[in-house]
Amino acid sequence: MGQALWRVVRNQQLQQQYSEQYYLQRERERIRRAGPSLADPLEQRHTPQCQVPGTDISHLLRVRKGKDEHGFIDLEMLPPELSITILSYLNATDLCLASCVWQDLGNDEYLWQGLCKSTWGHCSIYNRRLPPGFSYRKLYMELDEGSLTFNANLQEGISYFMFRGILVDHPKEIAKFIFCTRMLNWKMLQVYLDERRDVLDELVTLHNFRNQFLPNALRDFFRHIHAPEERGEYLETLITKFSHRFCACNPTLVQDVGLSPDAVYVLCYSLILLSIDLTSPHVKNKMSKREFIRNTRRAAQNISEDFVGHLYDNIYLIGHVAA
């Protein structure tokens, strides 16, 4: 918060100095042309502006320095827009502490609305007409409590969101909620999505893999839908859905490279196995690029050798696709 305040102060001082210098230069040129009779008006007009305490930050700093005061300026002495901007850099915990000092500013609805939407990007309640007396601070507490409840018991967590009116019991709404937050435990999400395949289908369609290289798209996919730790039916389902979505988002690539959902499915497994081989400390003899190309093209013969080689380079340079 201190860095934000001093950055704003410095910008205001520089802007004021530049404005004064530019104004003086313009006035001197005008006086030089019009004659010396305008000298007095210039002196009168060149009066420092914004000298009212509480509006000029540089004035407040000079006063505090003269009184040998230490610490930061009281935010209530600043313009409300500037105070809100400074507090917007705080997280929920720090904002609650700030509200103990600056009650009106710390409880500002604009700040709590920003915290809600930056942490939970989508909720059904955002799109409704809010009732009188609605509080975003209370909504943040409910969202936080619901997320903690979900991480302990997924059924109770979902029921909590529904009961509070935060979410609508619709696969698309639930999928958007999951897609736009990182507050939910991925293991609980894995269990929930394995049970709710309708939500999983909607969650997959929210991904846009257009013009993405295959390993990067797979990383982005597993960033929202974590891969299981062991191979099984759920992992096969994820890769199958990813393969169809990737081809649907890249029809031109499908034609140029000869990709198909089945080919992408094979390549995804090859990338996962290669990621484990190259990153695991237990594997002493790492797979070479030539070996990877040979093994992959046995299963996907229509894919060019250059394309498979680029896949290897990506994993070698960037790392695991499901880390």
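Okay, let's start with contacts: in the protein chain, among contacts with a separation of 6 or more, 59% are between residues 24 or more positions apart. Contact here means heavy atoms within 4.5 Å.

Before I go on, this is a predicted model, so local features need pLDDT of at least 70, side-chain atom pairs count only at pLDDT 80 or more, and totals for chains, interfaces and linings use all residues. Residues are numbered from 1 along each chain as its sequence is written, and side-chain values use heavy atoms, with hydrogens and water left out.

The overall picture: the protein chain has 18 helices and 0 strands. Those come from DSSP runs numbered from the N terminus, H or I of at least four residues for helices, E of at least two for strands. Of the 323 residues, 40% count as buried. Buried is under 20% relative accessible area, exposed is over 50%, and partly exposed is in between, with a 1.4 Å probe and protein chains only.

Now, helix H9, residues 154-163. Which residues of H9 are buried? Leu154, Gly157, Ile158, Tyr160 and Phe161. Looking down the axis of H9, these buried residues fall within an arc of 155 degrees, so they line one face of the helix. The arc is taken from the directions from the helix axis to the C-beta atoms. They pack against H8, H10 and H11.

The ends of H9 are worth a look too. At its start, a side-chain oxygen of asparagine 153 comes to within 3.2 Å of the backbone nitrogen of glutamine 155. For polar contacts, the rule is a pair of N or O atoms within 3.5 Å; within protein, one must be able to donate a hydrogen and the other to accept it, and residues adjacent in sequence count only if both atoms are side-chain atoms. After H9 comes glycine 165, with a positive phi near 75 degrees.

On to H11, residues 186-195, where Leu189, Tyr192 and Leu193 are buried. Down the axis of H11, they fall within an arc of 95 degrees, so again they line one face of the helix. What covers them includes H8, H9, H10, H12 and H14. At the start of H11, a side-chain oxygen of asparagine 185 gets to within 2.9 Å of the backbone nitrogen of lysine 187.

Aromatics next. Rings of Phe, Tyr and Trp (its six-membered ring) pair if their centres lie within 6.5 Å; planes under 30 degrees apart are stacked, over 60 edge-to-face, the rest tilted. That gives 16 aromatic pairs. One of them joins tyrosine 160 and phenylalanine 161, edge-to-face, 6.3 Å centre to centre with 75 degrees between the planes. Elsewhere, ring pairs link Phe209, Phe221, Phe222, Phe242 and Phe246 into a cluster.

What about cysteines? With a disulfide defined as a pair of cysteine sulfur atoms within 2.5 Å, the count is 0. Cysteine 116 is in none, and the nearest cysteine sulfur, that of cysteine 123, is 7.7 Å away. Cysteine 116 is buried, at a relative accessible area of 0%, and cysteine 123 is buried with 0% as well.

Last stop: where is asparagine 314 found? In helix H18, residues 305-318. Asparagine 314 is buried, with a relative accessible area of 9%. Leaving out residues up to four places away in sequence, asparagine 314 touches Phe213, Pro215, Asn216, Arg219 and Gly319.
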